[in-house]
Amino acid sequence: MVEQTNGTICKRKDYPSPNPTVRLEEITYWSDGLRVKGMLATPKAAGRYEGLLYLRGGIQHVGMVRPARIAQFASHGLVVFAPYYRGNRGGEGKDEFAGDDRNDAVAGVEVLKQQHAVNSERIHLFSFSRGGIMALWTAILRDDLTSMVTWAGVSDVVFTYKERKDMRRMMKRVIGGTPNNQPDAYRERTALFRVHDIDIPILIIHGKLDTNVSFEQALLLENALRDANKEYETWYLEDYTHYIPPEMNRQLVTDAVDWMKRQSD
């Protein structure tokens with residue numbers, strides 16, 4: 001019988017890459033006894049690279065991992081693994097919006113560590129939108145990471161419910177109710193109460209005009225980190241929303257990767 005330890009790879013399949021210098025594979029791995037899928041991007045040039053766990057936003061097909069985005073990060077000299085999260089793209093289980101599916105992110109670090117090209121002493125977290133809450137939990141639950149970037153990241157699930165009327169129906173279905181009638185389920189998903197368990201530097205990138213994940217979510221995280229005496233940096237973007245134009249986006253990716261590589265273990 002195949003070993004079902006969290007993060008053990010049970011299948012890998014080549015995936016068409018939009019970048020000639022980057023190899024893409026779709027990985028199936030174990031998480032809580034479920035077969036979960038994700039995308040792995042590896043620079044084709046031989047070498048040892050730092051690892052990056054890329055935690056996507058959205059839920060189900062909204063915000064799905066994009067091959068071009070993963071390859072973009074890998075082209076900066078990183079091996080990148082982006083979990084789809086359970087219940088997506090043929091993976092088993094169901095997406096829980098930062099419930100038990102946070103273990104899919106935690107186990108994703110093990111997927112990176114199994115890659116020959118990865119320096120397993122240097123693994124970073126990069127997250128976007130909903131991925132922010134997944135990254136915070138990964139940083140809380142693991143002690144073998146180097147740094148974390150949260151870009152337009154969710155930090156408080158109750159706040160998300162209140163500010164995104166268009167997401168309430170989905171959240172009630174996935175989480176089992178509202179913050180009023182299921183307070184524990186929402187509180188268990190909100191990582192702000194546990195930031196004292198994070199021991200890596202965090203970079204917060206957020207557009208001040210963001211209406212998808214409001215700028216207040218960045219401030220909530222910043223305040224929690226400051227109160228817990230944690231190391232963090234903020235890049236607040238004065239005139240930008242949730243979506244950054246391509247040229248600015250590319251520059252931010254370059255700068256964020258440089259920031260991660262500068263962090264010491």
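Which residues do ring pairs link into a cluster? Select Tyr 54, Phe 73, Phe 126, Phe 128 and Trp 151, and you have them on screen. Rings of Phe, Tyr and Trp (its six-membered ring) pair if their centres lie within 6.5 Å; planes under 30 degrees apart count as stacked, over 60 as edge-to-face and the rest as tilted.

Before zooming in, note that this is a predicted model, where local features need pLDDT of at least 70, side-chain atom pairs count only at pLDDT 80 or more, and totals for chains, interfaces and linings use all residues. Residues are numbered from 1 along each chain as its sequence is written, and side-chain values use heavy atoms, with hydrogens and water left out.

Now pick Phe 73 and Phe 126. Their ring centres sit 4.6 Å apart with the planes at 55°, so call this pair tilted. Phe 73 belongs to helix α1 (residues 67-74) and Phe 126 to strand β6 (residues 118-128), so the pair ties together parts 53 residues apart in sequence. Helices (H or I, at least four residues) and strands (E, at least two) are DSSP runs, numbered from the N terminus.

Trp 151 is in strand β7 (residues 147-151), 25 residues from Phe 126.

Next, colour by burial (buried is under 20% relative accessible area, exposed over 50%, partly exposed in between; 1.4 Å probe, protein chains only). Phe 73 is buried at 0%, Phe 126 is buried at 0% and Trp 151 is buried at 3%.

Finally, zoom out: the protein chain has 8 helices and 9 strands, and 58% of its 265 residues are buried.
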